[in-house]
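Let's take a walk through this structure together, one stop at a time.

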Amino acid sequence: MKPTPSQRRRGPRVALLALVLCSLLVPLAFIFDRAPSGYVTTDERRRQEVFVPPFVHVEPSKGGGGAVDPVPVHGVIQEKKISNGSTGVLQRHEQTGRNSSGVSVKPKVLPLPRTEPPKAVNESTQRTSEVSNARKRRGAKADEVENSKACQLEFGSYCIWSTEHKVIMKDSVVKRLKDQLFVARSYYPSIAKLQGQELLTQEMKQNIQDHERVLSASAVDADLPSFINKKIEQMEHTIARAKSCTVECHNVVRKLWQILDMTDDEAHFHMKQSAFLYNLGAQTLPKTHHCFSMRLTLEYFKSPSLDSDVSLARKFKTPNHRHYVIISKNVLAASVVINSTVISSKEPGNNVFHILTDVQNFYGMKYWFARNSYKKAAIHVVNYEEMILEKLPKFNPRELYLSEEFRVLIRSTERPTEQTRMEYLSLFSHSHFFIPEIFKDLKKVVILDDDVVIQRDLSFLWNLDMGDKVNGAVEFCGVRLGQVRNLLGKTKYDPKSCAWMSGVNVINLDKWRKHKVTENYLMLLKQVKNNDEVSLREAAFSLSLLSFQHLIYPLDKKLTLSGLGYDYGIDPEVARSSALLHYNGNMKPWLELGIPDYKKYWRRFLTREDRFMDECNVNP
């Protein structure tokens with residue numbers, strides 16, 4: 001039996017309808033962030049706000065040096081929402097004089113005696129009131145902690161930044177307009193259904209439109225038109241008339257709930273939008289810095305040869321000097337690290353700095369450090385990508401990676417009402433593991449991140465006897481390997497071993513080569529399923545911790561003060577007295593997002609009065 005013409009046309013119609021629906025859903029998916037988002041940045045440090053999904057958040061116990069014993073891990077611990085509990089409201093017992101006989105008798109009024117409740121009743125009432133207030137405070141604190149946890153899980157350090165920059169609305173007239181608009185919108189559907197209220201319905205609709213028009217053009221009181229008081233009075237009169245009408249209360253309440261839900265959704269949407277812009281600002285190089293780097297590169301090719309003299313070149317390979325290695329793509333950041341180190345050093349002429357950078361910033365850095373002197377310290381700018389291609393042609397990828405930063409949320413499972421603590425854990429990237437191959441003539445180096453500031457002489461680091469250890473680092477025992485075992489795969493490890501941080505690391509290159517750290521890293525790297533940039537950077541967490549297992553020499557925790565890139569609560573006196581400041585986190589000191597109170601420690605060592613900085617308006 002042949003299909004009828006209408007049946008033959010049904011298939012193409014269904015296909016066309018499906019295509020139309022897909023074309024509508026795809027943009028919506030991007031709008032509501034259901035599709036993977038990405039953007040190209042000229043980032044010098046594309047930090048990962050990584051709260052590794054299967055991470056176990058634990059609070060360091062007070063005993064055992066702030067460490068915790070490993071616990072079985074099966075995934076993220078679900079947080080229990082804490083109820084407010086009983087309100088503890090006191091009931092007042094009123095004494096009423098009632099005549100049971102039912103005969104009306106005129107009472108004789110006597111003066112009321114002045115009586116005081118017994119002392120025991122007062123104490124009991126006071127205790128009950130205190131308990132009630134305490135429960136209310138605990139309930140409010142629990143709600144605040146839950147909101148903070150949810151915000152930090154979704155948006156990371158943006159929550160801290162937005163809290164510090166929160167602006168209280170002082171525009172009372174605008175606020176009043178919005179309140180009137182919400183009330184009018186809640187009554188309008190019910191009034192429109194009433195018979196004989198056509199004029200009131202039209203008047204309310206007109207006032208709503210007028211308020212919307214004014215608010216769309218005015219965000220503060222200063223922008224409001226001169227006739228706004230008249231509009232407020234008209235709306236107030238209209239709302240009063242609407243309230244006098246007989247309407248079903250549940251319809252008004254339902255409409256208010258709808259408006260509240262829409263407002264919450266809109267607020268969450270704007271928060272997501274603001275968090276995206278915050279992360280974009282934190283992950284991209286400011287255009288003034290990009291201009292500065294390009295101007296230096298241009299001047300390098302316009303200038304005569306800038307090759308260093310033979311005496312400096314000899315220093316680069318002499319193991320007797322104090323060699324520092326800095327991996328950076330930011331000229332000013334590397335300059336501040338070097339300047340702060342030599343100014344704080346007792347023997348600046350004995351310092352040698354090796355800057356590993358990429359091909360894009362190589363010539364600009366070379367020109368900058370050739371025209372600026374740092375107290376006779378030798379500075380060696382290395383094109384990392386060219387060096388890997390020359391010395392290690394078999395290794396891939398050859399791109400330069402800065403220290404990786406991972407956002408870790410730490411909470412107490414025993415005391416869930418306590419505030420969740422957020423830390424940024426910085427670790428070695430893929431590029432760090434090839435330093436021994438690049439500097440084969442050296443025996444010992446100190447690796448510095450480009451977001452640190454040195455305030456004390458570091459010569460004592462060269463006198464450390466690390467025994468058979470490879471990496472001298474500050475340990476972070478808030479996270480132990482046993483607590484993140486689902487990230488470490490099937491590799492054997494010590495569950496009680498602490499995590500550690502980059503920033504300042506004393507590296508014994510001879511021991512590194514003896515223990516074949518690079519070879520072990522490459523062997524672990526083969527277990528990564530997708531060896532692309534994203535998977536490589538995410539794997540830095542487990543690969544760094546496993547590669548240096550039992551090879552960490554713990555440095556004094558007082559050596560480094562970290563958190564200046566996200567923690568607003570650091571004591572200024574502690575910051576001034578610390579030997580090394582680490583701006584780990586999103587709010588780097590060279591960004592506009594940087595924490596103002598901490599920028600001054602970084603600016604002290606910034607080179608000033610440079611014509612290229614003036615031309616590009618570089619003023620971090």
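Start on the inside: the largest cavity holds about 50 Å³ of space. Keep in mind that this is a predicted model. In total, the count comes to 3 cavities of 30 Å³ or more.

So what lines the largest cavity? Look for Leu285, His289, Phe292 and Ser293, then for Lys329, Asn330, Val331 and Leu332, and finally for Asn361. Two elements each give two or more residues to this lining, namely α8 (287-302) and α10 (331-344). The largest share comes from α8, with 3 residues.

Now move over to a pair of helices. Two packed helices are described by the angle between their axes and the distance between the axes. Here the pair is α4 (residues 172-192) and α5 (residues 198-217), whose axes come within 10 Å and cross at roughly 150°. With roughly antiparallel meaning an angle over 145 degrees, α4 and α5 therefore count as roughly antiparallel to each other. Their crossing is left-handed.

Which residues of α4 and α5 meet? On the α4 side you'll find, among them, Val174, Leu177, Leu181, Ala184, Tyr187, Tyr188 and Ile191. From α5, the partners include Leu200, Met204, Ile208, His211, Val214 and Leu215. Lys178 and Arg185 in α4 also take part, as do Lys205 and Glu212 in α5. By class, this contact has 13 nonpolar, 3 polar and 4 charged residues.

Technical notes
Residues are numbered from 1 along each chain as its sequence is written. This is a predicted model: local features need pLDDT of at least 70, side-chain atom pairs count only at pLDDT 80 or more; totals for chains, interfaces and linings use all residues. Side-chain values use heavy atoms; hydrogens and water are left out. Axes are lines fitted to C-alpha atoms, for helices over the stretch in contact, and angles run from 0 to 180 degrees between N-to-C directions. Helices (H or I, at least four residues) and strands (E, at least two) are DSSP runs, numbered from the N terminus. Angles under 35 degrees count as roughly parallel, over 145 as roughly antiparallel, 65 to 115 as roughly perpendicular and the rest as oblique. A crossing is left-handed if the near helix is turned anticlockwise from the far one by less than a right angle, and right-handed if clockwise. Contact means heavy atoms within 4.5 Å. Ala, Val, Leu, Ile, Met, Phe, Trp, Tyr, Cys and Pro count as nonpolar, Asp, Glu, Lys and Arg as charged, and the others, Gly among them, as polar. On a 1 Å grid over the protein atoms alone, a cavity is a set of points where a 1.4 Å probe fits but cannot get out, and a pocket is an open set with protein on both sides within 12 Å along at least five of seven lines; lining residues have an atom within 4 Å of a point. Grid points are joined across faces, edges and corners, and a volume is the space filled by probe spheres set on the points.
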